[in-house]
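Hi everyone, thanks for coming. Let me put the model up on the screen, and then we'll walk through it together.

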Amino acid sequence: MPTPFWSACAGLALAALVAMPALADGLKDEIAPTGKLRVAIAISPAGGAFWSTKTEAGYAGVPVDLGKDMAAQIGIPVEYVVYQNSGQITEAAGKGSWDVTWLPKDPEREIKMTFGPIYEVADATYIVKAGSSVTNFATLDQVGIKVAAVNATTTMRGAVAHLKNAKVTGYQTYEEIFGLLRSGEIDAFALSRDQLNKMAQKIPGTKVLDETFKKTVTAVAVPLAHQQSLAFVTKFMNEAVTNGTLRKAYDNNGLKDTPIRTE
């Protein structure tokens, strides 16, 4: 006949076993109320540590891979919610449209979402059109110079603060700006250096300026309504750095030489 002590231990063990699924269900309800992990991604032709691309098989990108791995860890399907840029992801943060994302962080966005660990730090600069006489920031920041940026992004806000004379105009998509730069309808485009280097390879004669006007940091984020899931996504990203998940996502998306940055 079991003693009261062992009966109590057995009761505690049983309670713990019962509680484990409840904790898992609570996490699922908090981070993925629809039963799927809805990952917000932004599409561009170049991809990168933040941007994703549309493929014949669906979508590719670092956020795509991380979202798939996170959903598998929770034990639910993944669903990608597609936007044209990070500004649109930010605007949708309070609408219940997505559950988790990876995007550039700045104070304006912290009003609408909660950020976890930073995993990338990128230089923001400008690419100038073919045949331009612009060679540096001083010659770029002149009256009459037209600079494009992706609308409502951290890079656009940085360019507006940086340039005192040149006019900065926001556009919704990377592809639209690509076309304007190729046709010479704009003088320059503000974006991260890695993206602009890829663009320069596709538009002969363009030049990426050597100077940097802003450091852009990219991190995992959840809407303010999902703040209780921040501990989980933070743990996921910290483990992704140490267990090779993030390195694999970088390598899968042509970023083998890109260093992994953490806070």
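Before we look at the sheet, one term: two strands pair if DSSP finds at least two bridges between them. Helices (H or I, at least four residues) and strands (E, at least two) are DSSP runs, numbered from the N terminus. Please keep in mind that this is a predicted model, where local features need pLDDT of at least 70 and side-chain atom pairs count only at pLDDT 80 or more, while totals for chains, interfaces and linings use all residues. Residues are numbered from 1 along each chain as its sequence is written, and side-chain values use heavy atoms, with hydrogens and water left out.

Now the overview. The protein has 9 helices and 11 strands. Of its 263 residues, 47% count as buried, meaning under 20% relative accessible area with a 1.4 Å probe and protein chains only. Take the contacts (heavy atoms within 4.5 Å) between residues at least 6 apart in sequence: 69% of them join residues at least 24 apart.

Let's settle on strand β7, residues 146-150. Which strands does β7 pair with in the parallel sense? One is β8, residues 167-171, over 5 bridges; there, A148 has T169 as its bridge partner. Why is β7 largely enclosed by the rest of the structure? Because 4 of its 5 residues are buried.

Next, follow the chain into helix α5, residues 154-162. Together, β7, α5 and β8 make a right-handed β-α-β unit: with the strands pointing away from the viewer, the path from the first strand over the helix to the second runs clockwise. In α5, the buried residues are T154, T155, M156, G158 and A159. They pack against β5 (100-105), β6, β7, β8, β9 and β11 (214-223).

Finally, the largest pocket. A pocket here is an open set of points on a 1 Å grid over the protein atoms alone, where a 1.4 Å probe fits, with protein on both sides within 12 Å along at least five of seven lines; lining residues have an atom within 4 Å of a point. The volume of the largest one, about 230 Å³, is the space filled by probe spheres set on the points, which are joined across faces, edges and corners. Of the 11 lining residues, E120, V121, A122, D123 and D194 are the closest to its centre. Two or more lining residues come from each of β6 (113-128) and α7 (193-202), and β6 gives the largest share, 4 residues.

How values were computed. Buried < 20%, exposed > 50% of the residue type's maximum accessible area, 1.4 Å probe, protein only.
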